[in-house]
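Hi there,

Here is the structure I promised to pass on to you. Have a look at it first, and then read on for what I found.

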Amino acid sequence: MAREIALRDALREAMSEEMRRDDSVFLMGEEVAEYNGAYKVSKGMLDEFGERRVIDTPIAELGFAGIGVGAAMNGLRPIIEFMTWNFAVLAFDQIVNNAAKTLSQSAGEFNCPIVFRGPSGAAGQLAQQHSQTFESWLANCPGLKVVSTSDPYDAKGLLKTAIRDDDPICFMESEIMYGYTGEVPEEEYLIPIGKARVRREGTDVTLVSYNKMILVAEQAAEELAKEGISAEVIDLRTIRPMDHKTIVDSVKKTNRIVVIDESWPFAGVSSEITYVVQKQAFDYLDAPVIRVNAADTSLPYAGTLVDAYMPNVKHVLDAVKQVMYVR
Amino acid sequence: MTKNPAKKGAKKAAYSKKTYLKWYEMMLRIRRFEERTLMAYGQQKVRGFCHVYIGQEAIAAGLITAIKPEDAIVTAYRQHGIAISRGISTKEAMAELFGKSGGIVKGKGGSMHFFSKEKRFFGGNGIVGAQIPIGTGIAFAEKYRGTKNLCVTMFGDGAARQGALYESFNMAMTWKLPVLYIVENNGYAMGTSVERTSNVSDMYKIGHAFDMPSEPVDGMNPESVHEALEKAAKHIRAGKGPYYLEIKTYRYKGHSVSDPAKYRTKTELESYKDRDPVKETEKKIIDNKIATKKEIDAIKAAIKLEIDEAVAFAESSPYPDPSELYTDNYMQKDYPFLT
Ligand SMILES: Cc1ncc(C[n+]2csc(CCOP(=O)(O)OP(=O)(O)O)c2C)c(N)n1
Ligand SMILES: [Mg+2]
């Protein structure tokens, strides 16, 4: 039986189910306990699990991320919540220099089964420091796995898998999507890390995206359908390891691809996909790969500038027409 | 629960009429500005994260009399009051909140990010604690250039738990930098009380680990703020290195516009409102016959007019042109952006 639940509830169910299943799993972060989460993701978890396992921290990202790493090395399975990934930048030292490196530098003696999670990406007029998309930064680092989704079904199944995974995982959500609802089964299920999902089948052009930009891709696909263009929409769900096969198989069918990616264009997720497609499907391409990104700038506050910065449906339609050589 | 500094008996007026009126006017200006900000937020004219200063105005007032215009200042995102006390006009501040090109940073920064080189205001910072080392660095530059200026580095009680504070305090003390650290202890970081973030709730004691002169200050009263700041500034200007003040205050509203502040009691809030710095200063001025009711009313009318004009200015200022997205990213004028 499936029901409609919001992203925040799907994430909470994943954490709570895993905490019931395994006493070594705990949740730590700013405002996660008494305040029930800055975005209410952990609502009710303190009541159920108590302060031993649902832990409010001071504002000290570097410190509590490192405490998570140490606890993970010593047998626990921490879920470290960042209020947003913008603030996790303070903790990148522990994520990149320790969580990602422990297994290698200890030659397999210690692993680091930890989930760092929180919202990534712009969320309206929050200005420069609060609007960044860090998927490509973290995915650049060997040792880490990176999941990014705001679909309730995918988020629940992937977060449960992430918590059970023996490697460090960065799990990226979306601030403005926490209230977004979708069908989620009552029964338990897991979704494998590293597998993309074809959300809509099509034959003329492939649209690849992830997290909230999927909505832009799907809306564009709707518009294109009205014009008789059949678009296939692929949701990456995991950024690292990336599911090359699903992307390449689709391109072999459609011969055209547009990547919609909220990260900045330079060395972004879209650049990686572009490389993979030209390498593995060069002979199938009827047009260059085109990407739609956030602008190559910081994001200012004013509404007019936010509109100019964000990828939107019109950008995608223009890009599709470019790869299809239609006006 | 935060401890409310004990009520002081009606102290005699120790400062000039000009000083009291200056404090009163500034506090009232900030109070009215913030009230209009909240109204405009309700009308969706101000967007994004918005943190108002209501309740903390006495700190901004004490700053204007104790600190020189040449001194630098840096603070966090709860900055409207401090910025206005530095002389950023309510017009430019309101237009910034509206995201208009007439704003202090052309609508690019919004509520959390005002800046003014002329006013030596080095910003509202949105990353909790980030301004602590930055303020230390601003002070480093003053010492390096051989000036007598200091840098007022302000942060919240929540920010004081970031490692950056401890690193900064240590270097500032070691190198005797001209920096005045102020923790505006309003009792809470979002929904987390000071008591829940550390074994040590008396925040001024943090300085003791570095042998930094450190004191608690009543932040509900411009006189006590002024006195403490003046003493600290004198110490710093004498070349003796940093000083640290824990100014105890309270924010009447939630953390940001979206916070219902259910984590605290009404009694606690009321105990601070009883000592409201705007009302108490007005009472003191009248009771001690420092100025007449008529003079006070004239200030109130002038402030009302000023804030009305600030809103009108913000309304009429244009939105930034979309091309502005590509300005102010690099100093290099012909920077080749990826498109
Ligand atoms: C590094 C970082 N972590 C978390 C946040 C989210 N956040 C914004 S304000 C705030 C509370 C800060 O409280 P405090 O320092 O006491 O300042 P106040 O809001 O009381 O003025 C938090 C957790 C942030 N902006 N930056
Ligand atoms: Mg505070």
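Let's start where the chains meet: 30 residues of chain A and 37 residues of chain B make up the contact, two residues being in contact if their C-beta atoms, placed from the backbone, lie within 7 Å. On the side of chain A that touches chain B, α3 (61-73) and α12 (303-309) each supply at least two residues, and α12(A) gives the most, with five residues. (Helices are DSSP runs of H or I with at least four residues, numbered from the N terminus.) That side of chain A has 17 nonpolar, nine polar and four charged residues; here Ala, Val, Leu, Ile, Met, Phe, Trp, Tyr, Cys and Pro count as nonpolar, Asp, Glu, Lys and Arg as charged, and the others, Gly among them, as polar.

Please keep in mind that this is a predicted model, in which local features need pLDDT of at least 70 and side-chain atom pairs count only at pLDDT 80 or more, while totals for chains, interfaces and linings use all residues. Residues are numbered from 1 along each chain as its sequence is written, and chains are lettered from A and ligands numbered from 1 in the order in which they are written.

Now for the ligand. Ligand 1 lies between chains A and B, and 20 residues surround ligand 1, the closest being F87(A), V128(B), G156(B), G158(B) and A189(B). A residue is near a molecule if its C-beta atom, placed from the backbone, lies within 6 Å of it. The shell around ligand 1 holds ten nonpolar, six polar and four charged residues.

The predictor gives the complex an ipTM of 0.96 and a pTM of 0.97.

Enjoy exploring!
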